Amino acid sequence: MSEMTYAKGLEGVIAAESEICQIDGAEGKLYYRGYSIEELARYSSFEETTYLLLFEKLPSEEELADFSASMRRCRDLSPPIQDMIRQFPPAGSPMELLQSVISYLSSYVEHRIHHSDTCNCRQTLHQIAQMTTVLATHNRFREGEDYVESRPDLSHGANFFYQLRGAEPEPDEGDIFDKCLLMHAEHGFNASTFTARVVASTISTCYCSISAAVGALAGFLHGGANERVMNMVDEIGSKENIEPWLDKVLSEHRKVMGMGHRVYKARDPRATIMEGFLAELSRKKGDFRLYEFLKQFEESFRGRMEQKGKPIYANVDFFSGAVYTMLGIPRYLFTPIFAAARSAGWLAHILEQRKDNRIFRPRALFTGPAPRPYVPIEERSW
Ligand code: COA
């Protein structure tokens, strides 16, 4: 048996090679296939970034037009899926709804699981295209509203609002949200992406892989921090309460949501872009209360952590919940929106896993009892 290493939670373990995402945690830099997140957020769209992730290059004009058209054709939900959403308990978790819908979508395709440029996972984009539609529809049905057909002339971000509200959003709202989706599309070997790759490594379908990844993201240690940042803002209430609140929370050694990151040891570059979006929305609405609150909070927190010799910076979730709030998105949809965006990265990783597959099979360090004889039930003293 070869020498084994043990790393709890696989921390520091390299489990595969990947060409998709590069994170420079020390410098606070993020690249998708070599393109910086700042440039992608400025010039690209969710659809183009999805193409980049899946096809390993930026598309030509014609390629992007074809790809966007095929994604837009896939957006609408068939009647059985609409029924499924209608019957879903209103108090049920939309993450579980997403898992169910993705599993159901699998029955619409003929699976040919092999790696090629034309493999059907690369061609059938309906699991990526329909996730935002599922969320918008779930919210409409909860509120007793009807299904809204998608609008093929709208970007992925703008169409979400159209299907959510039944009305076209302001151009900058659709644009900002599209960029938020792009910024959440990929982030290396985190728990949900690793889950997608583990399932893919068994040569299971991309639907099984993506629904498993949604399950991994549902846990609050992974998805969900932006929702909790907004809960924290509500709990603190006003700027005057920030200092006493931080005194209490830090003395109890509690974690402050939206701060810190396992990989970034500088400010998360997505937090900086999100902060810009929040400033833009605040300016437009003439309401800087949330923006000023978060800025004051960040400054107080950073000052305290620097004093302790532990510089901890804001991550993407610190501002994204506020951006979504300003865009009028219900809080319970924040984590499912993250899943809808990340589905592009998950699919890219599934395809990459298949290129040079080896099934994941780590070992456990056994700490249980030594071999012992079976005790018949009548002889058990316990
Ligand atoms: N609030 C208060 N203290 C924090 C903190 C936070 N958000 N993040 C880190 N710290 C503290 C740690 O407890 C640790 O203190 P110690 O040395 O006394 O043990 C120190 O700062 C260094 O932590 P570090 O090793 O850099 O972080 P980590 O890898 O243990 O944790 C997270 C990373 C993301 C799990 C953690 O920062 C966290 O829980 N953040 C809040 C949740 C969140 O926003 N998640 C979304 C991530 S995108």
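Biologist: How many salt bridges does a search of the whole structure find?

Modeller: This is a predicted model, and a search of the whole of it finds 26 salt bridges.

Biologist: Let's take E11, then. Which residue does E11 form a salt bridge with?

Modeller: E11 pairs with R262, and the closest N and O atoms of the two are 3.9 Å apart.

Biologist: What about R304, where does its salt bridge partner sit?

Modeller: The partner of R304 is D247, with the closest N and O atoms 2.7 Å apart. R304 belongs to helix α15 (residues 289–307) and D247 to helix α13, so to speak of this pair is to speak of distant parts of the chain, 57 residues apart. R304 is buried, with a relative accessible area of 19%, whereas D247 counts as partly exposed at 43% relative accessibility.

Biologist: Why does R304 count as buried at 19%?

Modeller: The cut-off for buried is under 20% relative accessible area, and R304 has 19%, so R304 falls on the buried side of that limit.

Biologist: Which residue does E275 form a salt bridge with?

Modeller: E275 forms one with K295, where the closest N and O atoms are 3.2 Å apart. This pair also links distant parts of the chain, since E275 is in helix α14 and K295 is in helix α15, 20 residues apart. E275 counts as buried at 13% relative accessibility, and K295 is partly exposed, with a relative accessible area of 26%.

Biologist: Which residues are linked with E275 and K295 in a network of salt bridges?

Modeller: The network joins E275 and K295 with R267, E298 and R302.

Biologist: Changing topic to the rings now. How many aromatic pairs does the structure hold?

Modeller: There are 15 aromatic pairs in the structure. One of them is formed by F161 and F177, whose ring centres are 5.2 Å apart and whose planes are at 55°, so this pair is described as tilted. F161 is in helix α8 (residues 156–165) and F177 is in helix α9 (residues 171–183), and the pair links these distant parts of the chain, 16 residues apart.

Biologist: Are F161 and F177 buried or exposed?

Modeller: F161 counts as buried, at 0% relative accessibility, and F177 likewise counts as buried, at 0%.

Biologist: How far apart are the ring centres of F177 and Y324?

Modeller: Those ring centres are 5.9 Å apart, and the planes are at 70°, so the pair of F177 and Y324 is edge-to-face. With F177 in helix α9 and Y324 in helix α16 (residues 316–326), the pair ties together parts that are 147 residues apart in sequence. Y324 counts as buried too, at 2% relative accessibility.

Biologist: Which residues do ring pairs link into a cluster?

Modeller: The cluster is made up of F160, F161, F177, Y324 and F334.

Biologist: One last thing: which ring does the charged end of R151 sit over?

Modeller: The charged end of R151 sits over the ring of Y162, 5.0 Å from its centre. In another part of our list of contacts, R142 lies over the face of Y332, at 3.9 Å from the ring centre.

Notes
Residues are numbered from 1 along each chain as its sequence is written. This is a predicted model: local features need pLDDT of at least 70, side-chain atom pairs count only at pLDDT 80 or more; totals for chains, interfaces and linings use all residues. Side-chain values use heavy atoms; hydrogens and water are left out. Rings of Phe, Tyr and Trp (its six-membered ring) pair if their centres lie within 6.5 Å; planes under 30 degrees apart count as stacked, over 60 as edge-to-face and the rest as tilted. Helices (H or I, at least four residues) and strands (E, at least two) are DSSP runs, numbered from the N terminus. Buried means under 20% relative accessible area, exposed over 50%, partly exposed in between (1.4 Å probe, protein chains only). A charge sits over a ring if NZ of Lys or CZ of Arg is within 6 Å of the ring centre and within 35 degrees of the ring normal. A salt bridge is a side-chain nitrogen of Lys or Arg within 4 Å of a carboxyl oxygen of Asp or Glu.
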